[in-house]
Amino acid sequence: METKQPFKVAVVQAGSVVFDKENSVNKAVELIKEAGENDAKIILFPEAFLSAYPRGMSFGTKVGSRDAYGRSDFQRYSESSITIPGPETDQIGKAAKEAGAYVVMGVIEKDPEYSGGTLYCTVVFIDPSGEVIGKHRKLKPTGTERLVWGEGDGSTMPVFDTPYGRIGSLICWENYMPLARMAMYQKGVQIYLAPTADARDTWFSTMRHIACEGRCFVLSSNQYSTKDMYPEDIVERELGEFDHEMTRGGSCIVDPLGEFIVEPVIGKEDILYADIDLSKITEAQFDFDVVGHYSRPDVFKFEVNEEALK
């Protein structure tokens, strides 16, 4: 596909309206509109933007027991999740079409094909025609995320060829999985999209490392969220020990040599912009190409099971 360059990308740093699918979608639509008006061609949203990364919540769980209120909280979480495709992706798709941009968004997905009871942390890809072109389900929820999310399989690890380069995504701590990264590199990812819920300083080092290792542009998007974005009863019951600022942000954009184009933004909602020139990837690959002249296929073998595990 012919590549149009240079071009502008946008990384959205904003918080969900927690457990409120309608207002989270409305907020997303406005942010897509703003990024589109600034001529962004790829717009990345954080992990679990629709309709929440439930930071601080216990879902009433201790080892060996589950409380009734936790089951009720999970029901609310399920009601605020989406299907792909569905009415929410239709709304996001309409906004993407009006913006003329690819929109890549972290969502909580409910799969209606089987039980409908399991939720997945998913990234959905929507093209400038407004159509869903694919998704990636998080392979391994981290820590207590496993209380509320199921595991994806290798069938949803796409890299898409677009007029703005090849785009693909891993979610949060999947980016610490060397073989998951290698799967992205082998598919020729050029715009590596990393929605996350991690705002620790170590995360920024990881984003720089991936850009340098993969010789790709890395876009990382995190929420900026505060207690007033949560339902009041959850704040009172679950979040007393937390500061008002629940997630501090930390979104950033990195070039193929591992240098920040936009340094991490902390402490506010914002949209980060950068102009991307894919020729910088070729320049960076002069001395290191992880799946090209710097690979040793005679020594190392790598295989990915991309079968859908029904």
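Predicted model: local features only at pLDDT ≥ 70, side-chain atom pairs only at ≥ 80, totals over all residues.
Local features were considered at pLDDT of at least 70 and side-chain atom pairs at pLDDT 80 or more, while totals for chains, interfaces and linings use all residues. Residues are numbered from 1 along each chain as its sequence is written, and side-chain values rest on heavy atoms, with hydrogens and water left out.

A nonpolar core is taken as a set of buried Ala, Val, Leu, Ile, Met, Phe, Trp, Tyr and Cys residues joined through side-chain atoms within 4.5 Å. Buried denotes under 20% relative accessible area, exposed over 50%, and partly exposed the range in between (1.4 Å probe, protein chains only). The largest nonpolar core has 45 residues, of which Y77, I167 and I191 touch the most other members. Strand β6 (residues 119-126) supplies the largest share of this core, four residues; helices (H or I, at least four residues) and strands (E, at least two) are DSSP runs, numbered from the N terminus. Another core, of 26 residues, lies apart from the largest one and includes I32, A40, A99 and I126. In soluble globular proteins, nonpolar side chains tend to be buried together.

Contacts (heavy atoms within 4.5 Å) were listed without residues up to four places away in sequence. On this basis I191 touches F7, I42, Y164, R166, I167, G168, F217, L219, I276 and L278. S78, in helix α2 (residues 68-79), touches K110 and L119. S78 counts as buried because its relative accessibility is 9%.

With a salt bridge defined as a side-chain nitrogen of Lys or Arg within 4 Å of a carboxyl oxygen of Asp or Glu, the count comes to 22. One of them joins K135 and E109, at 2.6 Å from N to O. K135 belongs to strand β7 (residues 132-137) and E109 to strand β5 (residues 102-110), so this pair ties together parts 26 residues apart in sequence. E109 is buried, with a relative accessible area of 1%.

A salt bridge also forms between K140 and E151, whose closest N and O atoms are 2.4 Å apart. Both residues lie in the loop between β7 and β8 (159-162), eleven residues apart. K140 is partly exposed at 35% relative accessible area, as is E151 at 45%.

In helix α6 (residues 232-238), D233 and R237 are four residues apart and therefore separated by about one helical turn. Their side chains meet in a salt bridge of 3.5 Å, N to O. D233 is partly exposed, at 33%, and R237 is partly exposed, at 34%. A network of salt bridges links D73, R76, D233 and R237.
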